[in-house]
Amino acid sequence: SQENLRPKSIDLSHHLNTLSRSRVPSPLKDIIKYMREPGMISLAGGLPHPSLFPYHSLRVDVYTPDTLDGHGQPSDASTGLTLHSEKYGDRDRTGTDISTGLQYTTSKGSERLSSFLQKFTKDVLRPGFTDFEILLNFGNTDAWSKVVSLLCEQGDYILVEEHTYPSSQALWAPMGCRGAPVQMDKDGIIPQALEQVLGGWNEAVKGGKRPRLLYLIPVAQNPTGATLTLERKKAIYDICVKYDVVICEDDPYYFLQLPAYLPPEQRAVRIATEMTPEELLEFLVPTFLHLDWQGRVIRLETFSKTLGPGNRLGYFICNPIFAERLQRASEVMTQAPAGWSQIIVEELLCTWGQEGFLRWVTGLRDSYTVRRDWMCDSLVEFFDVVSAPEGLAADVIAYPKGRISAGKTAPVFSFSYPKGGMFLWIKLDLSQNPVYQRMKANGEANAEQKWADEFWMSMIRAKVLLVPGSYYTPILSNDQRMKQDGAVAYFRLAYSLESREDIHVGIQRMARTFDESWEFRK
Ligand code: PMP
């Protein structure tokens with residue numbers, strides 16, 4: 001079978017930094033495995049006695065997996081399932097008792113949850129190498145900090161997308177690491193641009209070694225919404241093999257890959273709701289993990305977007321050498337994830353089953369499709385939106401409403417209809433903006449940033465809040481950010497949270513603010 005053709009991971013231990021090489025097993029944690037041996041009387045561990053935990057039983061009412069029917073919210077407020085955990089379970093129950101779930105464990109955490117995820121990964125993501133391992137963590141924020149402390153040294157360059165997730169940079173910048181940005185277009189980072197950065201690396205000019213780590217958000221990228229195609233993923237993976245680069249794929253939006261946006265008049269029937277989990281799996285672009293025949297991908301999985309961020313639960317999927325070192329780090333940094341989270345998520349997933357979880361994420365994806373459409377419909381309503389010319393890094397260009405035919409007009413921004421996730425990214429063209437033109441005429445330094453700050457404030461006065469694009473600009477070193485080219489500004493809009501009505505009003509307010517800033521008279 002194909003399974004037999006898949007190789008084991010190669011030894012990439014030369015990527016480990018001094019810190020992670022030097023870690024030794026936490027002496028206390030090592031004892032736990034012996035405590036589990038039959039017949040062992042443990043006078044060793046400082047474990048609190050579970051009879052002294054004040055919790056007796058746990059009951060959590062949850063939805064059935066088919067509850068999300070694609071209308072943007074649960075179809076029925078009633079819950080169909082109840083999860084239980086007792087302090088001391090009976091022998092017939094497979095679930096984790098409270099007395100075990102709240103006790104100290106190895107830093108690997110719940111075996112039952114880990115094996116569910118191991119099987120899920122094998123069946124659904126189908127890693128390209130056979131000896132992948134699962135290690136639970138507290139979500140992708142925790143995971144990324146552990147990856148950086150696994151691989152990076154002070155002064156290292158890290159390959160990042162041209163617009164990148166700010167919290168990921170805020171972690172390594174104070175440690176003295178530096179960003180090496182890779183150019184993007186509407187499909188994410190461009191393989192040739194990655195090749196150029198790596199192939200053309202000049203240590204003397206850069207004052208540092210060629211990057212050995214690529215951090216990216218391959219699906220519904222935060223902030224741009226771009227999703228890498230399979231061809232690009234293959235090309236990027238090959239380049240990383242060529243230059244011996246480890247790929248960290250931070251992929252919280254993987255299951256939220258959406259069908260192409262169609263304007264309301266072309267959208268006769270919602271087909272999205274009819275998609276089965278099997279069809280969804282066919283539709284999803286395979287992960288870097290799937291393409292990885294060497295074990296050079298560290299995949300970060302989180303339940304934040306599928307089951308709720310407050311679970312603070314996620315997991316690494318990576319090669320055994322990295323997994324072992326990450327576990328050593330977990331022992332001294334965090335230990336295993338919180339017991340309550342593990343009990344509840346484990347019970348939920350094992351009760352739903354793999355099919356059920358896939359059903360849930362299919363419904364979730366339908367719900368975000370509907371939300372995406374709310375925002376795009378409003379943009380199409382309050383702006384005149386036309387196809388972008390070939391070569392522009394966006395699907396469409398937005399003009400102020402009713403002004404294209406009036407002759408003298410200019411586009412105000414361009415964007416792509418999101419094909420995934422929660423965000424829509426707009427690129428403003430400032431060249432015809434009178435406020436910006438006056439700033440330039442007055443010779444103002446950094447006019448784009450000043451203009452964007454003022455525009456953002458005028459949006460806030462109009463009671464609509466966006467994220468300034470500058471938050472996502474790569475950090476080149478602790479006191480320097482990448483320079484943006486030309487008369488442009490970026491903003492990120494999220495359609496994940498507000499109601500249909502509020503998204504509609506929000507975009508209307510935004511359109512008015514554009515009109516005012518461009519000094520169009522009604
Ligand atoms: N990475 C990316 C790209 C994200 O968008 C987010 C959530 N905004 C996170 C990480 C944080 O995820 P978690 O809640 O799992 O820490």
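Student: What makes this protein two domains, and where do they run?
Tutor: The bounds come from an automatic or database domain assignment. Domain 1 covers 2-367, and domain 2 covers 388-517. The model is predicted: local features need pLDDT of at least 70, side-chain atom pairs count only at pLDDT 80 or more, and totals for chains, interfaces and linings use all residues. Residues are numbered from 1 along each chain as its sequence is written.

Student: What separates the centres of domain 1 and domain 2?
Tutor: A distance of 32 Å, taken over C-alpha atoms. The contact takes 27 residues from domain 1 and 23 residues from domain 2. Contact here means C-beta atoms, placed from the backbone, within 7 Å.

Student: Which element gives the most to the side of domain 1 that touches domain 2?
Tutor: Two elements each supply at least two residues there: α7 (166-172) and β5 (178-182). The most comes from β5, with 3 residues. Helices (H or I, at least four residues) and strands (E, at least two) are DSSP runs, numbered from the N terminus.

Student: How do the residues of that side of domain 1 divide?
Tutor: Into 13 nonpolar, 10 polar and 4 charged. Ala, Val, Leu, Ile, Met, Phe, Trp, Tyr, Cys and Pro count as nonpolar; Asp, Glu, Lys and Arg as charged; the others, Gly among them, as polar.

Student: Why is α6 called roughly perpendicular to α13?
Tutor: The axes of α6 (residues 140-151) and α13 (residues 320-333) cross at roughly 115° and come within 10 Å. That angle makes α6 roughly perpendicular to α13. The classes are: under 35 degrees roughly parallel, over 145 roughly antiparallel, 65 to 115 roughly perpendicular, the rest oblique. Axes are lines fitted to C-alpha atoms, for helices over the stretch in contact, with angles from 0 to 180 degrees between N-to-C directions.

Student: Is the crossing of α6 and α13 left-handed or right-handed?
Tutor: The crossing of α6 and α13 is right-handed. Lys146, Ser149 and Leu150 of α6 meet Phe322, Arg325, Leu326, Ala329, Ser330 and Met333 of α13. By class, the contact of α6 with α13 holds 5 nonpolar, 2 polar and 2 charged residues.

Student: What makes α16 oblique to α17?
Tutor: Helix α16 (residues 447-461) packs against α17 at about 135°, with the axes 10 Å apart. That value makes α16 oblique to α17. The crossing of α16 and α17 is right-handed. On the α16 side are Phe455, Ser458 and Met459; on the α17 side are Met510, Thr513 and Ser517. The contact of α16 with α17 has 3 nonpolar, 3 polar and no charged residues.

Student: Which residues make the contact between α14 and α17?
Tutor: Helix α14 (residues 339-382) and helix α17 (residues 500-517) have axes within 9 Å, crossing at roughly 35°. The contact uses Trp374, Met375, Ser378, Leu379 and Phe382 of α14, with Arg500, Ile503, His504, Ile507, Gln508 and Ala511 of α17. These divide into 7 nonpolar, 3 polar and 1 charged.

Student: What makes the bond between asparagine 222 and proline 223 stand out?
Tutor: The peptide bond there is cis, with omega about 20°. Most peptide bonds are trans. Proline 223 lies in the loop between β8 (213-216) and α10 (230-242).

Definitions and conventions
Two residues are in contact if their C-beta atoms, placed from the backbone, lie within 7 Å. A crossing is left-handed if the near helix is turned anticlockwise from the far one by less than a right angle, and right-handed if clockwise.
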